[in-house]
Structures are given as C-alpha cells and as structure tokens.
Amino acid sequence: MKRLGTTLALVAACSAAPESNPQGLRAPAPTKPSPDQQVAADRLLAGPDWYRHAVFYEVNVRSFQDSNGDGIGDLAGLISRLDYLKDLGVDGVWLMPIFPTAFKDSGYDIADYRAIDPAYGDLATFDRLLAEAHARKMRVYVDLVLNHTSDQHAWFQESRTNKTNPKADWYVWSDTPGRADIGNCGPDNPRFGDGWSRDETRGQWYYHRFYKEQPDLDYRNPDVVRETLDAARFWLDRGTDGFRCDVIGKLYESPTGCDMIPETIAYIKQLRAVLDEKRDAAGVGPTMVSEPSELNDSTKYYGDGSDMFHMSFDFGFGYFWQLAFGARDKKIVDDAVKMTIGYPKGAQPAQVIGSHDVPRAWQYTANEPWRHRNAALLQMTLKGTPFIYYGEEIGMRPGTQFVVDDRDASRTPMVWTKEGPGHGFTTGAPWIAFGAEPETTSVAGEDADPASTLTYYRQLLAFRRGHTVWGTGDIRLVALDVGTIVAFVREDPTEAYLVAVNLTDEDQEGVAADPLPGAGALAFGDGSLEAGGGSVRVKIPATGAAVFKVR
Ligand code: BGC
C-alpha cells in the first residue's frame, strides 16, 4: 500500500453543485455501463462468485405487474417487466412467496410447497419466467418458508384429524398451551399472538411462532426434514437459482434457546449440501440468503463461511442508516461495518434499505430524497450484495390500505405510469390501493428526468458494474475527525475507492490521519479529497456524497 505522506496530491476540486444539477452530481454519471464494464460484469456473473457481484431486486409479484386485468400482479406480468429490470442493472430477482396460500401472511403461509398459486400463474409460467430470466442472464430466487406451513396445507389438515394419523407428529401439538421442550420461544412480535392455538378437531393445542394460521412444523420428526429438503430440490431441479430462507433460524426450539440452536444449524448444513449438489464443474450453482433472527448480526448464519448461507441480510443496516442520518453520527454505521468485518472469511452480507416487512425507504429517510440517495449510495458501496426492494428505485410512497396487516403500507402496486387509475400496473381494480402520490413517483414519469430517483439508481448501478472491488473487495473504515461524514475504503488488487457520505444538510469537511492506497480522482458524486503530509482532507457539500478512486 502506498502512503501519500510526502507527495502532495490535490485530487479533486470542491465546488457547490450547479443549480442546473439539483442532485449535486459533479462527476459524469452515465446511466448505462460502458461496453467494457458490461463485458467484465458478464464474466464475473458467470463465475462462482456471481452472487457477490450481482445486484438483486425483491419483487412482490402480487404488486408488480398484472397481465390479465384481475388487479393482482402475476408471473406473466413479471416476465413482461424483465427488460425494465435488466435495463436498471438488476442481475437477480427474489420473488416473495408465489405458492398456493390462504394469504393470511401475504403468502408466507404456504399451502403447497410444489405448486404456484393460481392468482400468479402455474408451473409452466414459472418455467417460462426461469427461461426468460436466464436468457437475459438474470437469476431467480424463491422464498423458502420452512418454519411453518399454512393451516390449509394438506399436511396440517391431516395432522389435525386425530393423534394417530401418519402426520400426527409433523406439527408441535400439546394438551396444554405450552410445552416444556419449546420453552419460551413464543412469537417475538405481539402481532402474531401468544404462540398457541386450540384445534377443536384434534382436541389439542398447536404451536405457531407467527399467525395462528401458520402452525410450526416439528423438525424433530425426520419425515419433516426429508420432505422439506425435497421441496427445496423440487425448485432447484426446475432451474431455480436459489432461495431466500424465511425465519430459518427459528426451525427448532428448546427450553434454553430459540434461535439458531445446534439442531437448526445442522439442518441448514443439510440444506446447503442440497444446493451444493447442483454446482457445475466451475463451482457455479444456486445460492441462498437468510434473514437472521437477530436483525443486526449474521455471524451464526455463515458457519465456517462455506457450509451454511452464502449471504445474509443485515436488516439492521437499513435501520442504522436511518439512525445515522437522524443523529448525524457516523458511529452508528461504523459499528455496523465493524461487525461485518468480523464475519467468517467468505461471508457476504446482503445490503438492504427496505423490504416487505419494514417502512418504505421514503419513510425511513424522513421523506427527504437526498437521504434516500445517500442511503442507496451506501447500499451500493458497502461490502455486500445489494437487494433493492421493488419501487425503492422510484422513491415509491407508502400506502394506507391494509389487507393483511400494517406492513401492507410497503406492499402497494408498482407505479409504472403517471396516469391512473391503473398506473400501468393493471387494467382492472388493484387488489390494494396505490401508495400516496403515484403521479409523482412513476417509472414513466422519472424515466427521462435527469434529477429523478430512478435516474440516480441507474447511475449508481452503472457506476459499480463490472468492478470486482464492489463485489469482493475488502472494506476498512477511515477515521475522520468529524462524526458527520461516513468514510470507508473498498479495495482489492485491481483498484481502491474512498467513499464519503455527508449525513447532514450542511457542508462538511473532515481530516483523517489515514494512509490511502494512492492518489485518485472524483469518480461519482460531489466533493473533494486533498492528501498530503500524512493526512487526507475530505470535503462533501451539504446533502452530498462522493466516491473517489484512490488507486
Ligand atoms: C417474513 C415476514 C413473515 C414472517 C413469517 C418473515 O421472514 O419476511 O413477512 O411474516 O417471516 O413467515
């Protein structure tokens, strides 16, 4: 590493953003990657580390694109929007549950692990989605919800008939609302009740970590282990590229522990072995991402870095960013980054701002577009694979109609056109009302607007495309003497960048007695970097952010 000690380098001049450019972008910011970047990206995305270099996009299929006018988004609709996603710079989609469901928890109550809900299509349409996505070099993940089924699942329907049927022990039954071996593992969230419900047919109580319509499977029964691993194989055999594993840390319970106890860890290793069966000679294969039970610590989900999850959401990150902007204090982000540095070698965090479970990025960032943009810049430059939640790229606003529960505020239909009533989502009546202000946040409305959130996302994704450093580079924090600028270096053998994000709406500057790998230039955003005499001075204008190429 080269110290900047004696060679004084004035790297980029600082000046306020011109009025003509309300985003404050100073570096040229094309919305498309160069042909060379694209070639490099294609190579990276075809290799064993493809998921580290990919940009994922979480799709709520029900709300993305309706193809038949029934007001419900479907797989055929999603297929018709793949080009939009490709153009945005998306390499993989994660589909929220698309399986048959009574829709008591937005599809997280699965009634059949081997079929598609007729509202979304059928297996033939799913196969077509895989073919169309793969033709565009995009991957498809499905949501694997293994902790529980719907109470409408045939397994539960059989299990509840009596205490002696072949599936009598597939769920967690008890004569009382409690069981010693379950301990106090009841729901962590009051929205799901107190964990035990009575079934009058069987004359017993059953355990559920979530809604009462979501009975927990009993993984101490080897038949359940076999059947659920086979369900995973079913989707992999069709060509599915991986899974997002819902609340998987909660599979097994015990009196002394409720999350990621040794039995759960052993099951996840078996699931990983199922995925590894599908790797080709180059080691490319399906991968999986988990949601940790502890929002901000995924350590246990990675195992030794090669035998459990490939990626894990640090859901805490989205919250951290919000807190950091609110408190104007980088320590909150720094602490989160330090945690990821402690993950086992090979671990790849999955970076999110929002998801179907939390408020829209718009709310998270206090309804201020600049905070949203800076949060997105952090998401795309911190160590980890970004997962964009649908609509985030247009700054979609929350809704106020609730069909399942208040999380529906973040699950409203995608706004494709300015004009209502269906806004390009449907020709019928949408299953749930649009979020607020659809006429100001639509794909068509933002498409050609250089100052729009959509344009910013395109610029960000084009900027990082094909550079190995964003996918697999190391990260280290840069210790500035101010708390108002988040600063870190990403580096690998090919190049290095300094990322600096102003957490405030005032100009900020900070000094670091910190060696940088070398001199460089402003590569994205707006700001200046002066290095010399063993220190660096970073200046970032109000609401701005900058990425400097320092090697
Ligand atoms: C999902 C939630 C769901 C819960 C229970 C989580 O992983 O993200 O939306 O309510 O699991 O299935």
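**Exercise 1. Find which polar side-chain atoms lie by the ligand's oxygen atoms, and at what distance.**

Step 1. Start with H148: one of its polar side-chain atoms lies 3.0 Å from a ligand oxygen atom. A polar contact here is a pair of N or O atoms within 3.5 Å; within protein, one must be able to donate a hydrogen and the other to accept it, and residues adjacent in sequence count only if both atoms are side-chain atoms.

Step 2. Note the source. This is a predicted model, where local features need pLDDT of at least 70, side-chain atom pairs count only at pLDDT 80 or more, and totals for chains, interfaces and linings use all residues. Residues are numbered from 1 along each chain as its sequence is written, and side-chain values use heavy atoms, with hydrogens and water left out.

Step 3. R244 places a polar side-chain atom 3.1 Å from an oxygen atom of the ligand. For R407 the distance is 3.0 Å.

Step 4. Check the burial. The ligand taken alone exposes 310 Å², and the protein buries 98% of that (Shrake-Rupley accessible areas, 1.4 Å probe; for residues, only the protein chains shown count as cover).

**Exercise 2. Describe the shell around the ligand.**

Step 1. Count the residues. The ligand is surrounded by 14 (a heavy atom within 4 Å), and the closest are D105, H148, D246, H356 and D357.

Step 2. Sort by class. The shell holds seven charged, four nonpolar and three polar residues. Asp, Glu, Lys and Arg count as charged; Ala, Val, Leu, Ile, Met, Phe, Trp, Tyr, Cys and Pro as nonpolar; the others, Gly among them, as polar.

**Exercise 3. Work out the strand order in the sheet that contains β7.**

Step 1. Read the order: β5-β7-β6, an open, antiparallel sheet of three strands. Strands are DSSP runs of E, at least two residues; helices are runs of H or I, at least four; both are numbered from the N terminus. Two strands pair if DSSP finds at least two bridges between them.

Step 2. Find the edges. β5 (173-174) and β6 (196-199) each pair on one side only.

Step 3. Inspect one pairing. Four antiparallel bridges link β6 to β7 (residues 204-207). W196 has Y207 in β7 as its bridge partner.

**Exercise 4. Locate two backbone features, at P421 and A366.**

Step 1. G420 and P421 are joined by a cis peptide bond, with omega about 0 degrees. P421 lies in the loop between β12 (385-389) and α13 (443-447).

Step 2. A366, a residue other than glycine, has a positive phi near 55 degrees. The loop between α11 (361-364) and α12 (369-381) holds A366.
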